[in-house]
Structure formats: structure tokens, C-alpha cells
Amino acid sequence: EERENTIDRGYPLTKFPDRRNYTSRLSMYGQERARESLNRLPAWLQNYFSWHADQRKNPTSETKYIVVSCLKGNFPCGGTSDRLRPLPYYLLVASLTRRVLLLKWNKPHDLYHFFMPPLDVDWRILPSFDRMIEPKRSAFLQSKITSFWLGKDCDLAIHSMEKCTRDIVKEINDCDKRFVQFDLIGKSYNRVNDGNLLFQTQSYEGEMPLINQWMFPNLYGDIFRVM
């Protein structure tokens with residue numbers, strides 16, 4: 001893994017679309033709505049977002065990252081919904097591993113061409129990670145990046161999502177690599193819902209949705225606006 005003499009703060013803003021073109025004219029988005037949403041999130045997630053923003057602004061040699069990737073190659077990532085539905089679970093794992101969550105999609109195009117972080121929760125990838133990517137190979141086949149995957153074994157009764165998450169969090173915490181990849185292989189409906197239910201358990205005790213039902217759209221909407 002490549003180490004640099006200077007702190008890797010990210011691409012210059014000139015590489016991304018002009019943020020001045022992104023306003024609050026759409027009812028769902030903009031800084032004003034994003035800050036309202038941030039204030040509605042559970043305390044642990046607000047603390048993580050605050051820490052995330054500080055790490056992006058003032059990274060140190062100790063700052064580590066967890067990357068959710070969808071890269072060009074033959075391995076499918078699913079559509080936009082498949083990629084975004086596990087977002088609450090990704091945040092839970094990032095918080096438990098004390099890593100900065102980043103998103104790297106270049107299939108079919110880089111995500112920052114379509115979305116920009118309205119606040120300081122900057123999920124955009126760092127140049128040093130981009131340099132590690134082997135072109136035309138999917139995230140699953142990247143040999144230079146340490147990766148952790150949750151697969152179909154976690155759907156079995158003896159391997160609950162809670163146990164799988166606890167095990168993989170320990171593995172990631174034991175890893176000293178600056179960047180690691182993490183994702184749910186296949187993103188099956190039950191697997192994603194089970195992961196998001198873990199997020200819900202940590203966030204809203206006593207307000208659990210029914211099993212196998214997507215019952216927290218307001219929570220998801222607030223997360224999406226903040227990011």
C-alpha cells in the first residue's frame with residue numbers, strides 16, 4: 001500500500017462540479033435541509049459525522065478509511081437502489097471500526113458527477129486510493145486493496161448478521177491498512193434489511209420495524225440529505 005509524505009486531503013475542488021451550482025431549490029436537498037436532517041439523527045451518528053468531518057479536514061497519519069466500491073469490471077454492483085439501501089449499515093460498521101466512510105463508484109461513471117456532499121461529511125475518494133485501483137477489474141478482484149465481504153453465510157440461522165458483523169468488525173479493527181474495502185456480496189433483500197435492522201437497534205431502541213419490512217424511510221431520508 002502506498003504511503004505519502006504529505007497528508008492526503010483529497011482531490012482539489014476544481015476536479016469536481018462547481019458546488020455553487022448546487023442550491024436548496026430542490027425541496028429534498030441543500031445545506032439548509034441537510035442541517036435540519038443532521039439534527040434529527042441519533043446522537044451516536046451525529047457524533048460520527050462530526051468526527052468524520054474533522055478527519056477529512058484535519059487528517060493525520062493515524063486516519064484510516066473504509067471504502068464502499070463499485071468499480072468497472074464484470075462483477076455486478078446492482079443498480080442505484082441496491083447500492084444505496086445498505087447505507088445505514090455501512091455507517092454502523094464505519095462507526096464501530098472508527099474509520100472514515102468513503103464511496104468509490106466509477107461504474108458507469110464517478111458518483112461525484114451526480115451527487116455532492118452538501119455539508120462537511122465528504123465521502124469522496126482520495127487520490128491515493130484511486131492510484132491503488134487496477135483498471136477494468138471489479139472491486140471484488142482488486143489485489144492491492146485489503147477487502148472484507150459479508151456473504152450468504154450470514155443468511156444462515158447459525159451465522160446471524162449480528163454475529164457476522166461482530167466478527168468482521170474485529171477483523172477490520174485488527175487490520176492496520178490505511179484503506180480497506182467493505183461490502184455486502186450480492187446485497188440480497190434479507191441481508192440488507194438485517195444489516196439495517198442492526199443500525200436501527202443501535203439508533204432507536206423500542207422503535208424497531210417489523211421483521212423483513214422497510215419501515216424507516218424518514219431515517220434514511222435524513223441520512224441521504226446529510227451525505
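Okay, let's start with two helices: the axes of H6 (residues 161–173) and H7 (residues 189–203) come within 9 Å and cross at roughly 70 degrees. Axes here are lines fitted to C-alpha atoms, for helices over the stretch in contact, with angles from 0 to 180 degrees between N-to-C directions. Helices are DSSP runs of H or I with at least four residues, strands are E runs of at least two, and both are numbered from the N terminus. So H6 is roughly perpendicular to H7, a label that covers 65 to 115 degrees.

H6 brings Met161, Glu162 and Thr165 to the contact, and H7 brings Arg191, Asp194, Gly195 and Leu198; contact means heavy atoms within 4.5 Å.

Quick caveat: this is a predicted model, where local features need pLDDT of at least 70 and side-chain atom pairs count only at pLDDT 80 or more, while totals for chains, interfaces and linings use all residues. Residues are numbered from 1 along each chain as its sequence is written, and side-chain values use heavy atoms, with hydrogens and water left out.

Now the sheet. Which order do the strands take? It's an open sheet of 4 strands, E2-E1-E4-E3, with parallel pairing; two strands pair if DSSP finds at least two bridges between them. Strand E2 (100–105) and strand E3 (146–150) are at the edges with a single partner strand each, so one side of each has no neighbour in the sheet. On average, neighbouring strands are turned by 30 degrees against each other, direction ignored.

Zooming in, E1 (residues 65–70) and E2 run parallel and are joined by 6 bridges. In one of those strands, E2, leucine 102 is the bridge partner of valine 67. And what packs on the sheet? Helix H4 (residues 87–97) does, touching E1, E2, E3 and strand E4 (179–184). The direction of H4 makes about 145 degrees with that of E4.

That's the tour, thanks.

Technical notes: Parallel < 35°, antiparallel > 145°, perpendicular 65-115°, else oblique.
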